Amino acid sequence: MTPLRAVAGATPEQLILGLDTFGDLTLDASGGRSSHAQVLRDVVEQAVLADRLGVDAITLGEHHRDDFALTSPEIVLATIAGRTERVLLGTGVTVLSSDDPVRVYERFATLDAVSSGRAEVVLGRGSFIESFPLFGYELGDYEALFTEKLDLFTKLRTEGPITWSGQHRAALVDQEVFPKTEQPDGVRAWVGIGGSPESVVRSVQTGIPMMLAIIGGDPARFAPFANLYRQAQQELDRDPMPLGVHSPGHVAATDAEARDQLWPHFEANRNRIGAERGWPATTRAEFEREADGGSLYVGSPETVARKIAATVRTLSADRFDLKYANGTMPHAQLMQSIELYAGEVIPRVRALLAE
């Protein structure tokens with residue numbers, strides 16, 4: 001079976017519809033917090049279910065905090081690879097700034113081999129900072145680290161001898177990295193972007209497609225970034241590059257059920273992070289506004305499908321990944337959400353876009 005591949009200007013049939021999780025620490029059947037080990041086992045089962053039901057991609061986000069279990073997504077993805085057949089296996093994101101590009105490349109080239117060509121990596125700076133002191137990096141070098149390491153990763157994708165030098169890593173002189181992939185352009189990759197014009201242009205300069213993280217507000221406000229992305233491709237004489245979008249959500253039988261299931265976990269997650277960053281506590285009214293007109297894809301299959309289709313149309317996106325795990329929501333509810341997303345949302349999105 002030929003692995004899926006995102007293409008610019010995707011038709012409804014070519015549109016990639018995936019799922020994303022950070023391995024959020026969930027509540028168990030008794031209402032207590034699940035162990036990190038159990039959450040990792042649950043993530044594997046969630047991905048296996050997604051593959052069986054026809055979801056196109058599963059991406060796992062790297063974090064180094066006690067409220068998330070996924071610090072080494074590649075290992076979990078390799079486990080998933082052995083139990084699945086078609087689903088794309090990626091990260092959302094790999095924190096390249098605090099990792100070594102050569103080791104990242106080797107790990108994903110290895111994953112690509114054992115999964116028969118299904119590996120991909122989303123490269124990002126990360127929205128949390130814990131990995132920087134953990135691995136000995138200075139936060140003052142935040143921008144320089146990512147820029148330099150992305151440059152090296154881009155060169156590694158040629159899979160030929162590399163000569164490179166920078167300030168934050170030892171130089172390479174006519175060295176090669178193994179294993180080689182069977183992909184024409186090396187390890188498949190995306191650049192995760194929160195929405196700065198400089199990041200959009202940098203994605204095009206590297207030739208690595210943009211995965212736009214839209215986690216709040218009307219998705220239409222990101223249209224200027226999508227337009228800049230395509231304008232930069234023309235100005236830099238790049239072949240058309242696909243555009244991906246990532247946003248949070250939850251699917252249940254009805255709109256009311258979906259919102260009531262998600263709200264307490266959304267509130268706990270948002271307020272914990274908000275307390276660290278000096279944000280005011282969130283409210284149910286704020287949550288409802290985001291669900292109604294923002295970037296929270298929560299509701300019945302029909303509601304979520306219509307909202308995804310609208311975003312895909314507005315941004316001319318070629319891929320949409322739903323972050324289905326949001327806070328402490330129990331594993332059983334996550335599995336139900338995956339079933340509805342695969343069985344009802346995905347076919348409905350394709351039908352709406354075909355109209």
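**View 1. Strands β1 and β12 pair in the parallel sense over five bridges.** Two strands count as paired if DSSP finds at least two bridges between them. Helices (H or I, at least four residues) and strands (E, at least two) are DSSP runs, numbered from the N terminus. Leu17 has Phe320 in β12 as its bridge partner. Strand β10 (residues 243–251) also pairs with β12 in the parallel sense, again over five bridges. Here the bridge partner of Gly244 is Arg319 in β12. The structure is a predicted model: local features need pLDDT of at least 70, side-chain atom pairs count only at pLDDT 80 or more, and totals for chains, interfaces and linings use all residues. Residues are numbered from 1 along each chain as its sequence is written, and side-chain values use heavy atoms, with hydrogens and water left out.

**View 2. Strand β12 (residues 319–323) is mostly covered.** Five of its five residues are buried, where buried means under 20% relative accessible area, exposed over 50%, and partly exposed in between (1.4 Å probe, protein chains only). Arg319, Asp321 and Lys323 lie on one side of β12, Phe320 and Leu322 on the other. In a regular strand the side chains alternate between the two faces of the sheet.

**View 3. Strand β2 pairs with β1 and with β3.** β1 and β2 run parallel and are joined by four bridges. Thr21 stands opposite Leu60 in β2. β2 and strand β3 (residues 88–91) also pair in the parallel sense, over four bridges, and Leu89 in β3 is the bridge partner of Ile58. Ala57 and Thr59 point one way from β2, Ile58 and Leu60 point the other way, and all are buried.

View 4. Pro73, Glu74, Val76, Leu77, Ile80 and Ala81 are buried in α2.

**View 5. Asp66 and Arg33 meet in a salt bridge (4.0 Å, N to O).** A salt bridge is a side-chain nitrogen of Lys or Arg within 4 Å of a carboxyl oxygen of Asp or Glu. Asp66 is in the loop between β2 (57–60) and α2 (73–81), and Arg33 is in the loop between β1 (16–21) and α1 (36–53), 33 residues apart. Asp66 is partly exposed at 38% relative accessible area, as is Arg33 at 45%. Both belong to a network of salt bridges that also links Arg65, Asp67, Glu130, Arg272 and Glu276. The whole structure has 28 salt bridges.

**View 6. Glu286 and Arg270 form a salt bridge between two helices.** The N to O distance is 3.8 Å. Glu286 lies in helix α9 (residues 284–293) and Arg270 in helix α8 (residues 255–277), so the pair ties together parts that are 16 residues apart in sequence. Glu286 is partly exposed, at 29% relative accessibility.
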